[in-house]
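Hi there,

Here is the structure I promised to pass on. Have a look at it first, and then read on for what turned up in it.

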Amino acid sequence: MSTATAPRPALTIPTIEASPEEIYDIELEHSLLEANAKIAGENRAVLDRSGITAIDFMGAIGSGKTTLIAKLVAKLKDQVGVAVFNGDATTSDDQNLVAGTGIQVVQLATVNGCHLDANLVAKALRKITLDGLRLLFLENIGNLICPAEFPLGAKARVVVISVTEGPWSVRKHPHMFLGAQIVVINKIDLAGAMEVSVDALAADVRKLKPDIQVIPTSCRTGAGLDEVAQALLAI
């Protein structure tokens, strides 16, 4: 007698896709940055009324943002309500990793865009149930330049860098770190192989912003993940 289990049903995850017409309308309204800031303020008001803390995760492609978020969700979802908006140009690979945790997930497809914008987040907020949520993680596009200029309505920003990006990533992209509240130095288990000093990276961050919280992590070993989770709950 066969004991094979039935296949799990495919997850249905809403996707919000950027529309060129909307982007052009925003540009014509005043300026792209001003219009985005206005919508970001409206997003923040919606979140504040619902008691939700949104956190914008920014970092380069391959820094480990998605894996970090999935690990954090696994640690926090039984304590507080958590949802994730996953930004990606086209693919859904990252969102599938997070959706496997069983929480609310919306994919934000920027198509040709190099960053999320407040308008996409506003539309995504209408796709989820806000009741019972305490944290909303916004995973931005893999980019260490453009996202810094576009607030989304988040209460805090987390910049994720990894030792695999080399020893100069902080010095090359200083603006990204100035607007952040937390910096995660990820993949520290590879620091020796990459010949990159975690302490030197942390020192570079603190030269830019002395009071910023810097947390070294490894998603493979679990190092630092509890500290990041507690830092997010404290925001």
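Predicted model: local features only at pLDDT ≥ 70, side-chain atom pairs only at ≥ 80, totals over all residues.

Let me begin at helix H5. At its start, a side-chain oxygen of Asp-117 comes to within 3.0 Å of the backbone nitrogen of Asn-119. The helix itself, residues 118–125, is mostly covered, with eight of its eight residues buried.

As for the overall picture, the protein has 10 helices and eight strands. Of its 235 residues, 49% count as buried. Among contacts with a separation of 6 or more, 74% are between residues 24 or more positions apart.

The largest nonpolar core has 30 residues, and Phe-57, Phe-137 and Leu-232 have the most contacts inside it. Several elements give two or more residues to this core, including strands S2, S5 and S6 and helices H3, H4 and H10. There is also a second, separate core of 21 residues, which includes Leu-144, Val-183, Ile-185 and Ala-191. As a general point, nonpolar side chains in soluble globular proteins tend to be buried together.

The model has one aromatic pair. Phe-57 and Phe-137 form this pair edge-to-face, at 5.2 Å centre to centre and with 70° between the planes. Phe-57 is in strand S2 (residues 53–59) and Phe-137 is in strand S5 (residues 133–142), so the pair ties together parts that are 80 residues apart in sequence. Both Phe-57 and Phe-137 are buried. Leaving out residues up to four places away in sequence, Phe-137 also touches Ile-55, Ile-69, Leu-72, Val-84, Phe-85 and Leu-232, among others.

Which residues of H2 are buried? They are Ala-35, Asn-36, Ile-39, Ala-40, Asn-43 and Leu-47. These residues cover an arc of only 135° around the axis, which puts them on the same side of H2. On the other side of H2, Glu-34 and Arg-49 are exposed. Just after the helix, Gly-51 takes a positive phi of about 70°.

Arg-220 sits in the loop between strand S8 (213–216) and H10. Its relative accessible area is 66%, so Arg-220 is exposed. The Arg-220 side chain makes a polar contact with the side chain of Asp-189 (2.9 Å). Arg-220 and Lys-187 are 33 residues apart in sequence, and their C-alpha atoms are 7.7 Å apart in space.

Asp-204, by comparison, lies in helix H9 (residues 198–208). Is Asp-204 buried or exposed? Its relative accessibility is 6%, so Asp-204 counts as buried. Setting aside neighbours within four places in sequence, Asp-204 is in contact with Pro-167, Val-170 and Arg-171.

Best wishes

Conventions
Residues numbered from 1 in each chain as written. Heavy atoms only, no water. Phe/Tyr/Trp six-rings, centres within 6.5 Å; stacked < 30°, edge-to-face > 60°. Helix = DSSP H or I, 4+ residues; strand = E, 2+ residues; numbered from the N terminus. Buried < 20%, exposed > 50% of the residue type's maximum accessible area, 1.4 Å probe, protein only. Polar contact = N/O pair within 3.5 Å; in protein donor to acceptor, adjacent residues only side chain to side chain. Arc of directions from axis to C-beta. Core = buried A, V, L, I, M, F, W, Y, C linked by side-chain atoms within 4.5 Å. Contact = heavy atoms within 4.5 Å.
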